[in-house]
Amino acid sequence: MLKEAYGVKRLIVRSGRTDLRYGIDKLCVLIRRECGLNPMEKGTLFLFCGRRNDRIKALIFEGDGFVLLTKRLVKGKTFKWPRNGSNALEFTADEYFRLMDGMEVEASKKVTKSMEASITGVDMSDKNDTVVNECSIAE
């Protein structure tokens, strides 16, 4: 399921280490504040890796709600996760499939906060510290 990435329009990988104890709300805050991206962009798959290279988390918004997936590889298999800082990297489909196959991948595009804010219309000047409703879809 995760390996095939059906219906995914955009692939964002957060390089470095992410605390995989985070749930949907905390990952949304991380995506919005540290990466400068909109977690509610339909069809965008966000990927995170923790301290260990044998497990990842994926978050995607499907229009009516979030899906949070965890993948743990069998013993001896690992992801060659990009560990250079905590950047948001946009992967092509080919780069994503190579990452999922355990190959080392160099992302072709780094996403910057100012660029993403102008593309998605997200106001990055709002730095409200509350986590509640950061990714609320119900009004």
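Leaving aside neighbours within four places in sequence, Leu47 is in contact with Leu2, Ile12, Val13, Arg14, Ile56, Lys57, Ala58, Trp81 and Tyr96; contact means heavy atoms within 4.5 Å. The model is predicted: local features need pLDDT of at least 70, side-chain atom pairs count only at pLDDT 80 or more, and totals for chains, interfaces and linings use all residues. Residues are numbered from 1 along each chain as its sequence is written, and side-chain values use heavy atoms, with hydrogens and water left out.

**Nonpolar cores**

- Leu47 is one of the residues with the most contacts inside the largest nonpolar core, alongside Leu45, Ile56, Trp81 and Tyr96.
- That core has 19 residues.
- Two or more of its residues come from each of strand 1 (10-14), strand 2 (44-49), strand 3 (55-61), strand 5 (88-91) and helix 2 (93-100).
- Another core, of 14 residues, lies apart from this one and includes Cys28, Cys35, Leu37 and Ala88.
- A nonpolar core here is a set of buried Ala, Val, Leu, Ile, Met, Phe, Trp, Tyr and Cys residues joined through side-chain atoms within 4.5 Å.
- Buried means under 20% relative accessible area, exposed over 50%, and partly exposed in between (1.4 Å probe, protein chains only).

**Fold and surface**

- The chain has 3 helices and 6 strands.
- From the N terminus, its elements run β-α-β-β-β-β-α-β-α.
- Helices (H or I, at least four residues) and strands (E, at least two) are DSSP runs, numbered from the N terminus.
- Of the 139 residues in the chain, 42% are buried.
- Among contacts with a separation of 6 or more, 61% join residues 24 or more positions apart.
- The chain exposes about 8000 Å², and carbon and sulfur atoms supply 49% of that area.
- Accessible areas come from the Shrake-Rupley method with a 1.4 Å probe; for residues, only the protein chains shown count as cover.

- Strand 3 and strand 4 (residues 66-72) run antiparallel and are joined by 7 bridges.
- Strands count as paired if DSSP finds at least two bridges between them.
- Phe61 has Phe66 in strand 4 as its bridge partner.
- The two strands form a hairpin with 4 residues between them.
- Gly63 sits in the turn, with a positive phi of about 100°.

**Salt bridges**

- The structure holds 7 salt bridges, each a side-chain nitrogen of Lys or Arg within 4 Å of a carboxyl oxygen of Asp or Glu.
- One of them joins the side chains of Arg14 and Glu34 (2.9 Å, N to O).
- Arg14 lies in strand 1 and Glu34 in helix 1 (residues 24-34), so this pair ties together parts that are 20 residues apart in sequence.
- Arg14 is buried, at 5% relative accessible area, whereas Glu34 is partly exposed at 45%.
- Arg14 is also among the contacts of Leu47.
- Arg21 and Asp19 meet through their side chains in a salt bridge (2.7 Å, N to O).
- Arg21 is exposed, with 74% relative accessibility, and Asp19 is partly exposed, with 26%.
- Asp94 forms a salt bridge with Arg98, with the closest N and O atoms 3.5 Å apart.
- Asp94 and Arg98 are 4 residues apart in helix 2, so about one helical turn separates them.
- Asp94 is partly exposed at 48% relative accessibility, and Arg98 is partly exposed at 30%.
- Arg10, Glu41 and Glu90 are linked in a network of salt bridges.
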